[in-house]
Amino acid sequence: MGWKATVGVKMAGGGAEKLRCPSVAAVARSRMRPWVLRATTTVLLWTCVMQLTAVGDRWGPRVLKGWPSCRTAPEAASAALAAARLPMPVPVVEKAPLPPKRIYRNNGYLMVSCNGGLNQMRAAICDMVAIARYLNVTLIVPELDKTSFWNDPSEFQDIFDVEHFITSLRDEVRILRELPPRVKRRVELGMFHSMPPISWSGISYYRNKILPLIRKHKVLHLNRTDARLANNGLPLKVQKLRCRVNYASLKFTPQIEELGRRVIRLLRQNGPFLVLHLRYEMDMLAFSGCTEGCTREEADELTRMRYAYPWWKEKVINSFTKRKDGLCPLTPEEIALVLRALDIDRSMQIYIAAGEIYGGKRRMAALTSAYPNVVRKETLLEPSDLMFFQNHSSQMAALDYLVSLESDIFVPTYDGNMAKVVEGHRRFMGFKKTILLDRKLIVELVDQYNSGSMGWDEFSSLIKSVHANRMGAASKRTVILDKPKEEDYFYANPQECLRDPNLLRTS
């Protein structure tokens with residue numbers, strides 16, 4: 001019907017209805033509405049301007065800054081002083097761009113329950129990420145050990161920055177905080193498979209044995225994670241991913257990081273410092289069966305404790321023989337002699353990275369006499385600073401880890417997990433000085449010195465010569481076929497990831 005029909009006819013309910021023409025009064029009213037609206041808007045805007053002027057220069061728009069103020073000079077001065085006291089705006093720090101997500105066909109879900117202390121779990125998490133990546137599965141944020149000797153209830157997010165962990169690895173593997181609802185219901189109904197993987201396994205074991213189980217059950221739970229990936233014989237990409245997780249993706253929570261920085265600042269105010277990882281806590285001695293310097297009552301107490309924990313398999317231990325073989329942690333008395341023999345300055349701050357020393361002040365007397373500036377996190381910080389860390393041994397260990405990394409010298413008295421992981425991290429940071437003690441030779445020399453068959457000068461000279469090439473410099477990992485426990489640990493010397501491989505030499 002054309003444009004004329006659209007003006008005169010309105011289609012409704014299948015019929016047509018003619019529209020009436022508007023009256024002259026209606027047209028006049030419609031023309032007045034814009035003018036009324038403009039007038040009202042003008043009045044409102046002018047009212048706002050006057051209100052802003054009355055409030056003052058600080059809150060007014062920039063255009064009002066040049067207008068003369070109605071306030072007196074004293075009032076203006078008071079306002080300026082009040083403005084100066086206001087806190088400066090916090091600058092917005094732009095977050096680093098996230099890496100692009102890696103797109104892959106998901107073969108299933110991998111759940112892991114870590115076992116052991118903080119650093120044993122830390123290494124295990126790195127291994128599990130590498131395994132998940134090369135099996136093309138989805139990793140669920142690992143569960144931490146809550147049933148071991150330390151009985152620490154901390155969750156992953158209580159120790160590590162979980163968001164950073166997930167996002168920083170999104171270009172390698174998909175990581176979720178928890179299973180998707182549909183899959184979670186299957187797990188709650190018991191529709192999953194749980195097992196411990198074989199220790200020191202290569203990637204081929206996970207491809208040929210573990211991947212088929214994931215495809216079959218959709219969800220696989222690895223209930224033990226300590227040392228489940230080989231030190232050597234792995235693709236370079238696997239080794240580099242283990243390093244990336246360890247040194248870039250496993251950041252501690254902001255609260256732990258900030259407290260660690262505070263401890264380091266307090267130490268730096270008084271000059272250089274040495275971190276002594278003094279593994280002489282009750283659990284270490286009970287586990288190892290080492291009782292050198294202990295009273296008969298203390299030795300009996302340690303033995304009872306060893307028998308009380310079924311997962312400590314070795315029960316009958318000859319402390320004398322084990323010490324002679326270099327398999328015991330050095331005592332506080334022994335390490336005091338070693339530090340003196342190495343010419344560590346008496347004024348050096350000695351930070352004890354450990355739990356409560358067994359035997360207390362009595363066993364620490366020789367060390368504190370030789371080095372008066374012995375400190376701990378508990379002596380540097382206020383009790384309120386550590387209030388939320390009490391009974392959370394892994395969080396306390398995280399603080400010691402951060403301080404150990406930044407120390408001028410790091411000295412572990414036993415080659416446990418923290419000693420090894422910190423050693424490797426310090427190599428990665430530029431081969432920072434780490435004194436790797438030869439315990440077997442040390443106890444032999446200490447016994448000769450204490451018996452009077454060797455003088456101090458000879459003792460000191462021998463200690464120095466033995467450790468001249470044991471300072472954490474570049475070296476190649478020792479590989480022992482079919483004896484992975486006896487060869488060099490990957491995380492103690494991640495040679496594939498070090499900045500300048502040309503520095504490597506045969507040790």
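## Basis of the description

Helix axes are here lines fitted to C-alpha atoms over the stretch in contact, and the angle between two of them is taken between N-to-C directions and runs from 0 to 180 degrees. The structure is a predicted model, in which local features need pLDDT of at least 70 and side-chain atom pairs count only at pLDDT 80 or more, while totals for chains, interfaces and linings use all residues. Residues are numbered from 1 along each chain as its sequence is written, and side-chain values use heavy atoms, with hydrogens and water left out.

## The chain as a whole

The chain holds 20 helices and 11 strands, where helices (H or I, at least four residues) and strands (E, at least two) are DSSP runs numbered from the N terminus. Of its 507 residues, 44% count as buried; buried stands for under 20% relative accessible area, exposed for over 50% and partly exposed for values in between, with a 1.4 Å probe and protein chains only. Among contacts (heavy atoms within 4.5 Å) between residues at least 6 apart in sequence, 74% join residues at least 24 apart.

## Helix α4 against α9

Helix α4 (residues 118–135) packs on α9 at an angle of about 135°, and the two axes are 9 Å apart. The pair is therefore oblique, on a scale where angles under 35 degrees are roughly parallel, those over 145 roughly antiparallel, those from 65 to 115 roughly perpendicular and the rest oblique. On the α4 side the contact is made by R122, C126, D127, V129, A130, R133 and Y134, and on the α9 side by K237, V238, L241, R242, V245 and N246. These residues divide into seven nonpolar, one polar and five charged, with Ala, Val, Leu, Ile, Met, Phe, Trp, Tyr, Cys and Pro counted as nonpolar, Asp, Glu, Lys and Arg as charged, and the others, Gly among them, as polar.

N246 belongs to helix α9, which spans residues 236–249, and counts as buried because its relative accessibility is 2%. Apart from residues up to four places away in sequence, N246 touches R122, C126, V421 and Y491.

## Helix α4 against α8

The packing of α4 with helix α8 (residues 203–217) has an angle of about 70° and axes 10 Å apart, so that α4 and α8 are roughly perpendicular to each other. This crossing of α4 and α8 is right-handed. I131, Y134 and L135 of α4 meet I203, Y206, R207, I210, L211 and I214 of α8, a set that divides into eight nonpolar, no polar and one charged.

C114 lies in the loop between β3 (109–112) and α4, and with a relative accessible area of 4% the residue is buried. The C-alpha atoms of C114 and I125 are 7.6 Å apart in space, although the two residues are 11 apart in sequence. Leaving aside neighbours within four places in sequence, C114 is in contact with M121, I125, P142, E143, L144, D145 and T225.

## Salt bridges

A salt bridge is counted when a side-chain nitrogen of Lys or Arg lies within 4 Å of a carboxyl oxygen of Asp or Glu, and by this rule the count comes to 28. In the pair formed by R242 and D127, the closest N and O atoms are 2.9 Å apart. Since R242 lies in helix α9 and D127 in helix α4, this pair ties together parts that are 115 residues apart in sequence. Both R242 and D127 are buried.

R261 and E258 form another salt bridge, at 3.1 Å from N to O, and both lie in helix α10 (residues 254–268), three residues apart, or about one turn of the helix. R261 is partly exposed at a relative accessible area of 42%, and E258 is partly exposed at 31%. The side chains of E333 and R363 also meet in a salt bridge, at 2.9 Å from N to O; because E333 lies in helix α14 (residues 332–341) and R363 in helix α15 (residues 360–370), the pair ties together parts that are 30 residues apart in sequence. E333 counts as partly exposed at 28% relative accessibility, whereas R363 is buried at 2%. Finally, salt bridges that share partners join E292, R323, K324, E334 and D447 into one network.

Methods. A crossing is left-handed if the near helix is turned anticlockwise from the far one by less than a right angle, and right-handed if clockwise.
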